[in-house]
Amino acid sequence: AARAAALTRRDFPAGFVFGVATSSYQIEGAAHEDGRSPSIWDVFCAQPGRISDGSSGAVACDHYHRWEQDLDLIAALGVDAYRFSVAWPRVVPTGRGPVNPAGLDFYERLTDGLLARGVQPHVTLYHWDLPATLQDQGGWTNRDTAYAFAEYSAAVAERLGNRVASYATLNEPWCSSVLSYEIGEHAPGTRDRAAALSAAHHLLLGHGLAMPEIRRHAPQSQAGIVLNLGPQESASDRPEDILAARQADGRFNRWFLDPLLRGEYPADTWADVGADAPPVQDGDLELIRVPNDFLGVNYYSRGVIGAQGGVLPEGASVTDMGWEIHPQGLTDLMLRLKADYPALPPIYITENGAAFADERSGDRVHDPRRTEFLSTHLSALLQATQAGVDVRGYFAWSLMDNFEWAHGYQKRFGLVYVDYATQERLLKDSALWYQAFLK
Ligand code: PNW
């Protein structure tokens, strides 16, 4: 802990980018303004029982109206970069069809506002808010959605162009396929493995189709994709646990990494899913294997897997999400990616952070566990860079408390506290720590 407390940005390679991250539906609110159409999350939140506190992102952090003060806050943190996402239903309200200029205006204001403050804009094109009209036609289980995504991506890249430091096509396709179509915890909330695997394939195809559009309109920006990854380790030496861990790794990590970086689905997992395998057409994998300038990695935890499912190791400490706190897993993951994928591009950690119920006392919010989480994960990342892994940046999740999907507002990931009754923002102790780390 003493070493972690002393850590500063100067321990990292020159040029290493430090930032904070958010996503559109989680912070913007203004769900019906300036031509925005409903997304699948508006529809999902309106269904009783889907969101644990019955809330939605209709207002969220009201960032759509408070963006200027939020950009000042970002600048005050002293970060190099800010990662935000663009809401597809603001830009192409019908999903596929005419562009809504007022939607693009908002993201142009953000982009220029960041640049004016000396902060690099990093854009994610799809952080889960699919236009609801596309879900009416099957959403990501419909191959056409991949083509619609490429057209929407082109419209964003055409407007924002080279002003954006990096474009990520998708955030966490595991979440927008498996969690959304198979586990049913995220929108649209279906429970169908074949649908999830079809969705995953069309998401990857959408990435492959969008990349050349981004490059055409923003040739100087970096372009890539963001995956949520984590080691899936066996709970014991028993062969059945080892097999289960390998299967979990196949579904969670390799199902996305292998098509993107090797141009093939993992054979063992393909065999496991049997008749639920996705509808792959000739040429799809060549498109999906398009070279990326970077791979974004969101790291929160590892999995410890037994034949019965995921287990929590004895004595493990967890965040309010119930996720094990395991910084070593970040080092392990980075080393594994380098070892297993010769085509691995430079890595950005595009999300890392923790939910804790933070105690507010007056105008201070004491969150020592979040500071500890961030500093130990940064140390773990530093170890990976020192072992030769090409990591170029780190984004803390999240800039501020926000709408945590199926958990509503009851899980707080922010470095900045949000008082939802007043929309007041307050730097938590962890934000002050990050500020000092960056000085
Ligand atoms: C990510 N899992 O979601 C998202 O990119 C963020 O929008 C979100 O707020 C953040 O992590 C915290 O949850 C995840 O079940 C959701 O493994 C679920 C999982 C991973 C990431």
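This is a predicted model: local features need pLDDT of at least 70, side-chain atom pairs count only at pLDDT 80 or more; totals for chains, interfaces and linings use all residues.
View 1. Around the ligand are 17 residues, of which Gln-26, His-127, Glu-351, Glu-404 and Trp-405 come nearest. By residue class, the shell around the ligand consists of 9 nonpolar, 5 polar and 3 charged residues.

**View 2. Polar side-chain atoms facing oxygen atoms of the ligand.** In the side chain of Glu-404, a polar atom lies 2.6 Å from an oxygen atom of the ligand. For His-127, an N or O atom of the side chain is 2.8 Å from a ligand oxygen atom. Tyr-300 places a polar side-chain atom 3.2 Å from an oxygen atom of the ligand. On its own the ligand has 460 Å² of accessible area, and the protein covers 89% of that area. Both His-127 and Glu-404 are also among the residues that come nearest to the ligand.

View 3. Helix α9 spans residues 173–182. This helix supplies 3 residues to the shell around the ligand, the largest share.

**View 4. Helix α16 within the structure.** Helix α16 runs from residue 429 to residue 438. Because 8 of its 10 residues are buried, helix α16 is largely enclosed by the rest of the structure. The buried residues include the aromatic side chains of Trp-433, Tyr-434 and Phe-437. Asp-429, Ser-430, Ala-431, Gln-435 and Leu-438 are also buried.

How values were computed:
Residues are numbered from 1 along each chain as its sequence is written. Side-chain values use heavy atoms; hydrogens and water are left out. Buried means under 20% relative accessible area, exposed over 50%, partly exposed in between (1.4 Å probe, protein chains only). Helices (H or I, at least four residues) and strands (E, at least two) are DSSP runs, numbered from the N terminus. A residue is near a molecule or strand if one of its heavy atoms lies within 4 Å of it. A polar contact is a pair of N or O atoms within 3.5 Å; within protein, one must be able to donate a hydrogen and the other to accept it, and residues adjacent in sequence count only if both atoms are side-chain atoms. Accessible areas come from the Shrake-Rupley method with a 1.4 Å probe; for residues, only the protein chains shown count as cover. Ala, Val, Leu, Ile, Met, Phe, Trp, Tyr, Cys and Pro count as nonpolar, Asp, Glu, Lys and Arg as charged, and the others, Gly among them, as polar.
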